[in-house]
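Here are my notes on this one, as promised. Have the model open while you go through them.

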Amino acid sequence: MLQLRPNCECCDRDLPAGSLQAMICSFECTFCSTCAHEVLSGKCPNCGGELVRRPIRPPGALVKHPASSERVTRERCA
């Protein structure tokens, strides 16, 4: 089950569960699309993996499996 982290690890921008701007790697590191493309060139700084758009969890499923509220940030990005 994806964590659906609530923020960009790079700039701390809010990324709610339904955001089309959230990008993730296979380890669920989460970045906004601006940081993913302009700062990180589509590559996760944590694992080196590809950053792709995070899928949207259907609203009904969010009731049973809510998004994470734990914010994760990096000291340095890129």
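**Notes on the predicted model**

1. Let's start with Val72. Leaving aside residues up to four places away in sequence, Val72 touches Arg5, Asn7, Cys8 and Glu9, where contact means heavy atoms within 4.5 Å. Val72 sits in the segment after α2 (59-64). Val72 counts as partly exposed because its relative accessibility is 24%; the scheme here calls a residue buried under 20% relative accessible area, exposed over 50% and partly exposed in between, with a 1.4 Å probe and protein chains only.

2. Some ground rules before going further. This is a predicted model, so local features need pLDDT of at least 70 and side-chain atom pairs count only at pLDDT 80 or more, while totals for chains, interfaces and linings use all residues. Residues are numbered from 1 along each chain as its sequence is written, and side-chain values use heavy atoms, with hydrogens and water left out.

3. Now the overall layout. The protein has two helices and three strands, and from the N terminus the order is β-β-α-β-α. The radius of gyration is 12 Å, close to the 12 Å that the globule rule gives for 78 residues, so the protein is as compact as a globular protein of that length. For the record, helices (H or I, at least four residues) and strands (E, at least two) are DSSP runs numbered from the N terminus; the radius of gyration is taken over C-alpha atoms, and the globule rule is 2.2 Å times the number of residues to the power 0.38. Along the principal axes, the C-alpha atoms fill a box of roughly 35 × 20 × 20 Å.

4. A few whole-chain numbers. Of the 78 residues, 33% are buried. Taking contacts between residues at least 6 apart in sequence, 55% join residues at least 24 apart.

5. Which residues touch the most other members of the largest nonpolar core? Cys8, Phe31, Cys44 and Leu51 do, in a core of 13 residues. The elements giving two or more residues to this core are β1 (22-24), β2 (30-32) and α1 (33-39). A nonpolar core here is a set of buried Ala, Val, Leu, Ile, Met, Phe, Trp, Tyr and Cys residues joined through side-chain atoms within 4.5 Å. In soluble globular proteins, nonpolar side chains tend to be buried together.

6. Cys8 deserves a click. Not counting residues up to four places away in sequence, Cys8 touches Arg13, Leu15, Thr30, Phe31, Cys32, Cys35, Val72 and Thr73. The contact with Val72 links back to my opening point.

7. Two backbone angles to check. Most residues other than glycine have a negative phi. Leu4, in the segment before β1, has a positive phi near 50 degrees, and Leu4 is buried at 3% relative accessibility. Ser41, in the loop between α1 and β3, has a positive phi of about 55 degrees without being a glycine; Ser41 is exposed, with a relative accessible area of 63%.

8. Is Leu40 buried or exposed? Leu40 counts as buried, because its relative accessibility is 7%. Leu40 lies in the loop between α1 and β3 (52-53), and its C-alpha is 17 Å from that of Val72, 32 residues along the chain.

9. Phe27, in the loop between β1 and β2, is exposed at 58% relative accessibility. Beyond residues up to four places away in sequence, Phe27 touches Arg5 and Cys47; its C-alpha is 13 Å from that of Arg53, 26 residues along the chain. Val63, in helix α2, is exposed with a relative accessible area of 72%, and the C-alpha atoms of Val63 and Asn7, 56 residues apart along the chain, are separated by 20 Å.
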